[in-house]
Amino acid sequence: MTEADVTGDPGQKHRIYLVDGSGYIFRAYFAMLRGRAPISRSDGTPTGAVLGFSNMLFKLIQDTQADGRVSHLAVIFDTSRKTFRSDIYPEYKANRDAPPDDLIPQFPLVRDATRAFNVPSIEKEGFEADDIIATYAMQARRQGMECVIVSSDKDLMQLVGGDVTMLDPMKNKIINTDEVHEKFGVGPEKVIDIQALAGDSVDNVPGVPGIGVKTAALLINEFGDLDSLLARASEIPQKGRREKLIEFADMARLSRDLVTLKSDVELDIDVMDLTVQLPDAADLMAFLEKNEFKQLVGRVKEFFGAEFRKDAAELPEMATGAAETGAAKAPEIARVYTTVLDMDILRDWISQAERAGQVAVDTETTSLNAMQAGLVGISLCIYPGTACYIPVGHIRPKAQGGFDFDGDAGEGVDDMPVQLPKADVLAALKPLLEDPGVLKIGQNIKYDQVILAQEGLTVSPIDDTMLLSYCQDAGLHGHGMDELSRLHFDISPIPFKEVAGTGKSQITFAEVPIDKATEYAAEDADITLRLHQHLKPGLVRAKSVSLYETIERPLVPIIAKMEQEGVKVDIAMLSELSEDFGKRMTELVGEIHELAGEEFNVGSPKQLGEILFVKMGLPGGKKGKAGAYTTDVTVLEGFAAEGVELAQKILDWRQLSKLKSTYTDALQAQVNPKTGRIHTSFSLAAASTGRLASTEPNLQNIPIRTEEGRKLRQAFIAEPGHKLISADYSQIELRLLAHIADIASLKEAFAEGFDIHAKTASQVFGVPIEGMDPMMRRSAKAINFGIIYGISAFGLARQLNVSRTEAQGYIEQYFIQYPGIRQYMEATKTFCHEHGYVETIFGRRVHLPGINDKNGARRSFSERAAINAPIQGSAADIIKRAMIRLPQALIKANLGARMLLQVHDELIFEVPESEADKTAALVKSVMESAALPAREISVPLIVDTGIGDNWGEAH
C-alpha cells in the first residue's frame, strides 16, 4: 500500500519500523530450541527460524495497517563480521562461534521472506546492521517521524529517547527510557559509557577488567561521563578499581569507539522512501508454498483481502513430513491426565507399569541445568492418552507470599500446595525405576537420569525417543519433543510459557499451579510414549538398529555419569592466570612502546598502522574502507616471520588479551558452588556426524595451540591423592581416511609407524625425510588435515602464508601422490547426490538435504560435508564405543578411575595415584581395539596417554 492508501489523521506523525533482521533470526532460532524445536521442510531444509521471522514480519505489517497513519518498514541485515570495527580492534567479535549448521541455510531464506512480503531489505558492506538502524533513526528524527526499532539488542538501547523506542517482538514488550535505565542504571544517553567500561564478552569488547554494569553505573552516575571518570580516576577510594581504571583507560576509550553506533552511514534509500507496500500475491504465495507454511498461507490470504486472494494462484496440496505442521493428523486419542495426591493411587500406577513392562517418564524441575535443578514433579505414561503427574516440590507463587524453592516438599507446610511428600514418592518409585524388567522411556532421558541420580535413584534400562529419531534422521530435522510431535502427529504440545509466563512475570515450574502443571507434564509423558511407539519400529527400516542398540542407547548412562562427576578446577590458579596475563600484557605494552619509540594505544589498529607503515616505513601497507591501515593477524604474522619484533609483540599481546577475557576470567563463574567442580553438559543429538557437543561451559573449545593457551588446561586438576589421565587418539581422522579411501601408501606409512606428515612432505615436495626443514613438515600437516575438511587453495594459502597459485600447486601435487583420495571424494559426492546421505563405517547415516540445492554455495558446503562426514562420523563412533566399554573394563580390573570428559578424540580420567599406570595401560588397550569386533580397520589405531596432576600435564 502507498501513502495514498492510508486513511489516518494527516496531522499524525509518520512511523517507521526498523527490524534488526540479523539479530532476530538468532533469537528465533534459539527460542525454538528452548521451547519448540526447529522445524524443516519435507526436503529436510531447516525453516524454523524462517517461520518465526515470517510470522513476526507479517504481524508488523498488520500493525502498520492498524496504525491509521503513514507507516514505513524495513529489515536491516549484517553483511559479514568484517566491518570498520575490525580495523579498530581485530579481536572484535573474533571469539564468536560459527552459527549452528542448521541455521546457516536459513539466512538466505530470511532475505527471501523479506522480499516476498515486499519489504525493503537493507544492508551495507563494512557496517553492522546496528549502524544502519542508527542512521535511519537519525533520519527519522530529522524528518519528525516516530521510530520503532524491532529488537531487544542492548547495543541499540543507546538510540532510545524522544520518538525512538524499541519493541521486543519475542515478548511483545516496548523498551523505553525507563527500561533502559532499569537494565543499565543510567539513561540511554550514557549507555555508551557503561558499555565502554563493562565491555561485552559476546562481542569481545574488552572494557575495563573487573568493572561490570552495576559498578560502571555507580561510577558514571558519580562522575558524569567516561572522560570525566578517567580524568579523575585517581580520586576513586577503592584501590583495585582505581588502578584498573588508570591502567586500562585507553582500553575503555577503544571500547567506547567499538560500541558507539555510526549514525551517518551513506545509504541509497532515504527513510521516507521505505513506505509499506502491498506484497505481490504470486511472489508471496510461491515463497510460502515452497517453505510449506500452510497455516501462514491462510492467515495471509484472509488479511490481504479478496483482491489478493483472487490474484494468488491456488496452492497444490503440500507434501507432508518435515514441514510446519508435519505429518497427516494423528487419530484423536482421548486424554485422561491425573494428578496423583494419594499413595495408594501411586502404587496402582506403579503396579500397572510393572505389568505393562514399560513406562514413559519425565521430570519437571526448577532449572535446565540438571546439576543445579530442584525436582518439582514426575510424570508417568503407560498407555497413549493416559498419564499422571506426581507433584512433590510445588510452592505457592512468591507473588502470593510463597518462598523460594528449597528442594523439600510435603504436607503441613503453609507455603506448600497439597502434594505427596517427596521422600515417600521417591521410595515408592525407586523399585520401578531400577527394575531391569521394566523399560523406562524418555525424551532426552539423560537429563532425567541426572536429576533422579541426585535423589538417589538409578533409571535403567532406558529408551530415548530423541536418539531414536537422531539415529534415523540425523541432518534432516531437529529431535526435540515438540518438533517430533508436530512432525509425526500434527500435535503442538503446550508451550512452557503458557504455564509459566514470560519475561519478568515468568515463574519457576515450582510455582505453577498443580492443575496446570498436570496438563503440561502429563502431556510430555504421553507424547513421549507415542513417539516411542512410532519411532522404535522405524529403526529396522532405516537400518539403524545396530547404531542405536550398540552405540547411542548404551552411551546415555555413561554420559549422565560423566556430567555428575564434573571436573575439579583450581580457581586460585585461574585467578593467578588472569593476573599473570594482565601483568604480561602491561609488560608487553612497555616493550612495544620502546620498540616503537613512542607511546600509543596498543589496542588501536589505526595507531598501530601509523607506527608500522608510516613511522617504521614497512612495505605493503593497505588501507581499509575506514581509511586506516590494515593490521590484522595475517599482516602481523607476515612481518613477524620476517623478524619484525614489534609485530610479534603485538601478536603476543592480542593473544593474552583474548585468553584473559574469554577464558581465565569467564571460567571462574562456571564452577558449581555445591561441588566445587565444573559440570559441562554433553549434547547427544547436536551434530549430524555423531560427535558430542559440550555446553555450559564448552570445554571442547579451550585453545591448546599456544603455550599460554595450554596453561589453561593446568587449571583442571585432580583431587588430592589422584591423577588425571589423558588418552588421545593419534591422527585418527587421517588413519580413517587411509582406511575408507583405501590409500595404499598412507596405510603402509601408518602400519610402519612413519611420521605421516614428514612422509607427505617428502612425497609432495620431493625432498628426503632426513634433514627435512620443519616448515615443510608443517606445510604437509596443514595439507593433510585441510584435505579432510575440503580446504581451498585460498584457505591453504592463508595458513601457509604462500600465494594462492603455490597453494593450488601443493594440493594438485598431493592428489598426484594420493590419487585414491580424489577418487574417494568424487565417489562420495556422487553417492550423496543420488541418495541424499553418506554413511560411517558403522552404518550411521548423515543426511545432507542441501546436496542438490540450486544455490551453489549451499550445494558446495554440503559436498564438503559429505566428504568429511564418513571420516569424522566414524571417529565419533569409535570413541563412543570405547566410552561404553571402559567403565566395565575398569570395574573388572578393580580400578577406581572415573571418566570425566570427552573432548573430540580425547578422554580424561581421574584415578587414584597408585593406579595411574595400570589404568593408563588399560584405557589405551580398550580405545585402540574399540572398532572391533564390528569392523576391522586396515590401519592401526594409536592412543597416546599421559598422566599428571592437571589436564595440561597429562596431555
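Two strands pair if DSSP finds at least two bridges between them. The exercises below apply this to a predicted model.

**Exercise 1.** Find which strands pair with strand 2 (residues 71-76), and in which sense.

Solution. 
- Step 1. Start with strand 1 (residues 15-20): six bridges connect it to strand 2, and the two run parallel.
- Step 2. Turn to strand 3 (residues 121-122). Two bridges link it to strand 2, again in the parallel sense. Here isoleucine 76 has isoleucine 122 of strand 3 as its bridge partner.
- Step 3. The cut-off is at least two bridges. Strand 2 has six bridges with strand 1 and two with strand 3.

**Exercise 2.** Describe the surroundings of strand 8 (residues 358-365) and explain why it is called largely enclosed.

Solution. 
- Step 1. Six bridges tie strand 8 to strand 9 (residues 375-383), and these two run antiparallel. Within this pair, aspartate 362 stands opposite serine 379.
- Step 2. Three bridges tie strand 8 to strand 11 (residues 439-442), and these run parallel. Alanine 360 stands opposite isoleucine 441 of strand 11.
- Step 3. Seven of the eight residues of strand 8 are buried, so the rest of the structure largely encloses the strand.

**Exercise 3.** Determine which residues of helix 29 (residues 744-751) are buried, and how they are arranged about the axis.

Solution. 
- Step 1. The buried residues are Leu746, Lys747, Ala749 and Phe750.
- Step 2. Viewed down the axis of helix 29, these buried residues fall within an arc of 160°, so they line one face of the helix.
- Step 3. The face turned away from the buried side carries the exposed residues Ala744 and Ala751.
- Step 4. The buried residues of helix 29 pack against helix 28 (732-740), helix 30 (756-765) and helix 34 (819-835).
- Step 5. Just after helix 29 comes glycine 753, with a positive phi of about 75°.

Notes: Residues numbered from 1 in each chain as written. Predicted model: local features only at pLDDT ≥ 70, side-chain atom pairs only at ≥ 80, totals over all residues. Heavy atoms only, no water. Buried < 20%, exposed > 50% of the residue type's maximum accessible area, 1.4 Å probe, protein only. Helix = DSSP H or I, 4+ residues; strand = E, 2+ residues; numbered from the N terminus. Arc of directions from axis to C-beta. Contact = heavy atoms within 4.5 Å.
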